[in-house]
Amino acid sequence: DWNARDDRRRSCALDGKHSGYSSRDEETTDSVRVYARFADGKIDRLGALSATCPVQSNTAIQDLGTPAVDDSARWLTALATGQNLDANTHERLAHDSLAALAIHRGEVAHDALVNIARRATLKDSRKQAVFWLARLRGREGAQIATSIMFNDADAWMREHAAFSVSQSISPTADKDLIRLANTDANANVRAHAWFSLAMTKCPATEAAIETALRKETDRNVREQAIFALSQLPDERAPRALIK
């Protein structure tokens, strides 16, 4: 955690009611610690932090040593897929374990994320896995998210994958989003693809949307494409909207 007033690092409160993941451009790490809290023999909270991150806890922290990376990934996969969890804790732990899984090295972690992204029963688990694949698993993860963006049968998932691809390092993200915005059969997906394209700050956004507006017939898609122009950085937004 960070003090917004003086930008000094503070300890992360492991028992706090509100917590989440954030990043700072100058912060990097090559190792993490996974903190798991148990109550009555059952896990009820989990978080992955930099190994150098200072933490605070209301109870003593027991160091279990350094497990093999693949063993750790398999344990997190079991949590992410809801094995041995009750419904009350499943959603939160699924989110946190997928985030932790995404920063694990190795093929076991990668394959687990891909399997959940493509085949998980719960849509929200698929959504989280697609995002983390695109955001943290390099070009290979971005390619999988792109495949889901074009080929998944669920329009909602294609829409979410479009946003995820916009947050990836895919070298073809802009071209792929333009193609999706022009070709997907679902109007909501096309509309969201234009917004996601604007998030990439792609130099071709204005021309692509201008061309699309000449042929797009769905009113909502047209409105959302124009709104996407308003999200462009600096002076690009007002120039595009005035034009």
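1. In this predicted model, helix H6 (residues 155-166) and helix H8 (residues 187-199) have axes that come within 8 Å and cross at roughly 10°, and the two helices are therefore roughly parallel to each other. On the H6 side the contact is made by Ala155, Arg158, Glu159, Ala162, Phe163 and Ser166, while H8 contributes Asn188, Val189, His192, Ser196 and Met199. Sorted by class, the contact of H6 with H8 holds five nonpolar, four polar and two charged residues.

2. For helix H4 (residues 123-136) and helix H5 (residues 138-151), the axes come within 6 Å and the crossing angle is roughly 140°, so H4 and H5 are classed as oblique to each other. The crossing of H4 and H5 is left-handed. From H4 the contact takes in Arg126, Val130, Leu133, Ala134 and Leu136, and from H5 it takes in Gly138, Gly141, Ala142, Ile144, Ala145 and Ile148. The residues of this contact of H4 with H5 divide into eight nonpolar, two polar and one charged.

3. Helix H5 also packs against helix H7 (residues 173-183), at an angle of about 10° and with the axes 11 Å apart, and H5 and H7 are therefore roughly parallel to each other. Here Thr146, Met149 and Phe150 in H5 meet Asp176, Leu177, Arg179 and Leu180 in H7. By class, the contact of H5 with H7 comprises four nonpolar, one polar and two charged residues.

4. Which residues does Thr205 touch, once its neighbours within four places in sequence are left aside? They are Leu197, Ala198, Leu232 and Arg236. Thr205 itself belongs to helix H9 (residues 205-213), and it counts as buried because its relative accessibility is 0%.

5. Cys12 is accordingly in no disulfide, and the nearest cysteine sulfur, that of Cys53, is 5.4 Å away. With a relative accessibility of 17%, Cys12 counts as buried, and Cys202, at 4%, counts as buried as well.

6. The surroundings of Cys12 deserve a separate look. Cys12 is placed in strand S1 (residues 12-13), and apart from its neighbours within four places in sequence it is in contact with Leu49, Cys53, Pro54, Val55 and Gln56. For one of these residues, Pro54, the separation from Cys12 is 42 residues in sequence and 6.3 Å in space, taken from C-alpha to C-alpha.

7. Finally, some tallies for the protein chain as a whole. Its secondary structure comes to eleven helices and four strands, and 42% of its 243 residues count as buried. Among the contacts in the protein chain with a separation of 6 or more, residues 24 or more positions apart account for 58%.

Technical notes:
Residues numbered from 1 in each chain as written. Predicted model: local features only at pLDDT ≥ 70, side-chain atom pairs only at ≥ 80, totals over all residues. Heavy atoms only, no water. Buried < 20%, exposed > 50% of the residue type's maximum accessible area, 1.4 Å probe, protein only. Contact = heavy atoms within 4.5 Å. Axes fitted to C-alpha atoms, helices over the stretch in contact; angles between N-to-C directions. Parallel < 35°, antiparallel > 145°, perpendicular 65-115°, else oblique. Nonpolar A, V, L, I, M, F, W, Y, C, P; charged D, E, K, R; others polar. Left-handed = near helix turned anticlockwise from the far one by under 90°. Disulfide = S-S within 2.5 Å.
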